[in-house]
Amino acid sequence: MRERVEKALDKIRPMLMADGGNVELVEVTPDGVVKLKLTGTCGCCPMSQMTLKTGVERVLRQEVPEIKEIIAL
């Protein structure tokens, strides 16, 4: 599942990088929990939770539907 999550994140990264940010995959647990860290300007942006929910999480759930939870660190 980790490889599929990385592939999905690769689709999102250009959008984040255009604004000076990125997303780092920290962990995918055996029970389907994905732990992410927003980096660069995304890490300290007041809109980072919205970016995570409306952009990153939406794409991840479409690409890897067996994900149970997405956690931002």
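**Notebook: Gly 55 and its surroundings**

I looked up the contacts of Gly 55 and set aside neighbours within four places in sequence; Ile 12 and Met 50 remain. The model I am reading is a predicted one.

**Entry 1: Gly 55.** I placed Gly 55 in helix H3, which covers residues 48–63. Is Gly 55 buried or exposed? Its relative accessible area is 11%, so I log Gly 55 as buried, the cut-off being under 20%. I then took the C-alpha distance from Gly 55 to Pro 65. The two are 10 residues apart in sequence and 15 Å apart in space.

**Entry 2: H1 against H3.** I noted the crossing of H1 past H3 as right-handed. Which residues make the contact? From H1 I listed Arg 4, Val 5, Ala 8, Leu 9, Lys 11, Ile 12 and Leu 16. From H3 I listed Thr 51, Gly 55, Val 56, Val 59, Leu 60 and Glu 63. Sorted by class, this contact of H1 with H3 holds 8 nonpolar, 2 polar and 3 charged residues.

**Entry 3: Val 56.** Next I checked Val 56, again without residues up to four places away in sequence. Val 56 touches Leu 9, Ile 12, Leu 16, Leu 36 and Thr 51.

Entry 4: In soluble globular proteins, nonpolar side chains tend to be buried together.

Entry 5: I traced an open sheet of 3 strands in the order S1-S2-S3, with mixed pairing. Strand S1 (21–28) and strand S3 (69–72) are the edges, and each pairs on one side only. Neighbouring strands are turned by 30° against each other on average, direction ignored.

I went through the pairings one by one. S1 and strand S2 (residues 33–40) are antiparallel, over 7 bridges. Within that pairing I found Asn 22 opposite Thr 39 in S2. Helix H1 (residues 2–18) packs on the sheet and touches S1 and S2. The direction of H1 makes about 165° with that of S1.

Val 28 has Val 34 of S2 as its bridge partner. S1 and S2 form a hairpin, with 4 residues between them. In that turn, Gly 32 has a positive phi of about 90°.

How do S2 and S3 pair, parallel or antiparallel, and over how many bridges? I read the sense as parallel, over 4 bridges. Val 34 stands opposite Ile 70 in S3.

Entry 6: H3 lies across S2 and S3 and runs at about 145° to S3. Gly 55, where I began, sits in this helix.

Key: Residues are numbered from 1 along each chain as its sequence is written. This is a predicted model: local features need pLDDT of at least 70, side-chain atom pairs count only at pLDDT 80 or more; totals for chains, interfaces and linings use all residues. Side-chain values use heavy atoms; hydrogens and water are left out. Helices (H or I, at least four residues) and strands (E, at least two) are DSSP runs, numbered from the N terminus. Buried means under 20% relative accessible area, exposed over 50%, partly exposed in between (1.4 Å probe, protein chains only). Contact means heavy atoms within 4.5 Å. Two strands pair if DSSP finds at least two bridges between them. Axes are lines fitted to C-alpha atoms, for helices over the stretch in contact, and angles run from 0 to 180 degrees between N-to-C directions. A crossing is left-handed if the near helix is turned anticlockwise from the far one by less than a right angle, and right-handed if clockwise. Ala, Val, Leu, Ile, Met, Phe, Trp, Tyr, Cys and Pro count as nonpolar, Asp, Glu, Lys and Arg as charged, and the others, Gly among them, as polar.
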